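Visitor: I have a protein chain to look at and would like to go through it step by step. Please show it to me.

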Amino acid sequence: MRICIDAREVRDVVTSLGRYAINLVRGIAAVDRENEYVLLKRSSCQEPLVTQPNFTEVPVEYGISTFKNILKGKEAIRRVQPDVYHSL
C-alpha cells in the first residue's frame, strides 16, 4: 500500500504539530518495512526525517496552512498517487 503523510509542519523551529509528525513518522518506520510511505515536507527542511528504503520524501515549496496550498495542494498529493493520505 502507498501511504502519503503530510509532514509539512516539520520546521526548523520545533512546534507541537511538527513534533507529532516527526514522532509519527519515526514510530511507523520502526514497525513497518512493508508498506511504501511518501512524506510531503517543506522544501526548506533539508535533513531527512527517516532514512529507510520504503520511505520517500517529496519537497513541497509551500506550507499546509497557506493560500497556495488551497489552490495547488491537491496537485502535490495527486502526483504521488497514494492509496491513503494522512493530513495532520
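Visitor: What pattern does the protein chain follow, read along the sequence?

Guide: This is a predicted model. The protein chain has two helices and four strands. Read along the sequence, they give the pattern β-α-β-β-α-β.

Visitor: What is the radius of gyration of the protein chain?

Guide: The globule rule gives 12 Å for 88 residues, and the value for the protein chain is close to that. The chain is therefore as compact as a globular protein of that length. Its radius of gyration is 12 Å.

Visitor: How far apart are the end C-alpha atoms of helix α1?

Guide: Helix α1 runs over residues 16-31, which is 16 residues. At 1.5 Å a residue it should span 22 Å, and the model agrees with this. The end C-alpha atoms are 23 Å apart.

Visitor: What arc around the axis do the buried residues of α1 cover?

Guide: The buried residues of α1 are Gly18, Ala21, Ile22, Val25, Ile28 and Ala29. They lie on the same side of α1, because the arc they cover is only 140°.

Visitor: Which exposed residues are on the face of α1 turned away from its buried side?

Guide: Start with the buried side, where the cover includes β1 (2-6), β2 (36-42) and β3 (55-60). The face turned away from the buried side carries exposed residues: Ser16, Asn23, Ala30 and Val31.

Visitor: Which strands hold Glu36 and Arg2?

Guide: Glu36 and Arg2 form a salt bridge, with their closest N and O atoms 2.3 Å apart. The pair links distant parts of the chain, 34 residues apart: Glu36 is in strand β2 and Arg2 in strand β1.

Visitor: Is Glu9 buried or exposed?

Guide: Glu9 meets Arg11 in a salt bridge, 2.8 Å from N to O. Arg11 is partly exposed, at a relative accessible area of 36%. Buried means under 20%. Glu9 has a relative accessible area of 11%, so Glu9 is buried.

Visitor: What is the relative accessible area of Lys41?

Guide: Lys41 forms a salt bridge with Glu57, the closest N and O atoms being 2.7 Å apart. This pair joins strand β2, which holds Lys41, to strand β3, which holds Glu57, across 16 residues. Glu57 is partly exposed at 22%. Lys41 is buried, with a relative accessible area of 5%.

Visitor: How many salt bridges does the count come to?

Guide: The pairs described here include Glu36 with Arg2 and Arg11 with Glu9. The count comes to five salt bridges.

Terms used. Residues are numbered from 1 along each chain as its sequence is written. This is a predicted model: local features need pLDDT of at least 70, side-chain atom pairs count only at pLDDT 80 or more; totals for chains, interfaces and linings use all residues. Side-chain values use heavy atoms; hydrogens and water are left out. The expected span of a helix is 1.5 Å times one less than its number of residues. Buried means under 20% relative accessible area, exposed over 50%, partly exposed in between (1.4 Å probe, protein chains only). The arc is that of the directions from the helix axis to the C-beta atoms. Contact means heavy atoms within 4.5 Å. The radius of gyration is taken over C-alpha atoms; the globule rule is 2.2 Å times the number of residues to the power 0.38. A salt bridge is a side-chain nitrogen of Lys or Arg within 4 Å of a carboxyl oxygen of Asp or Glu.
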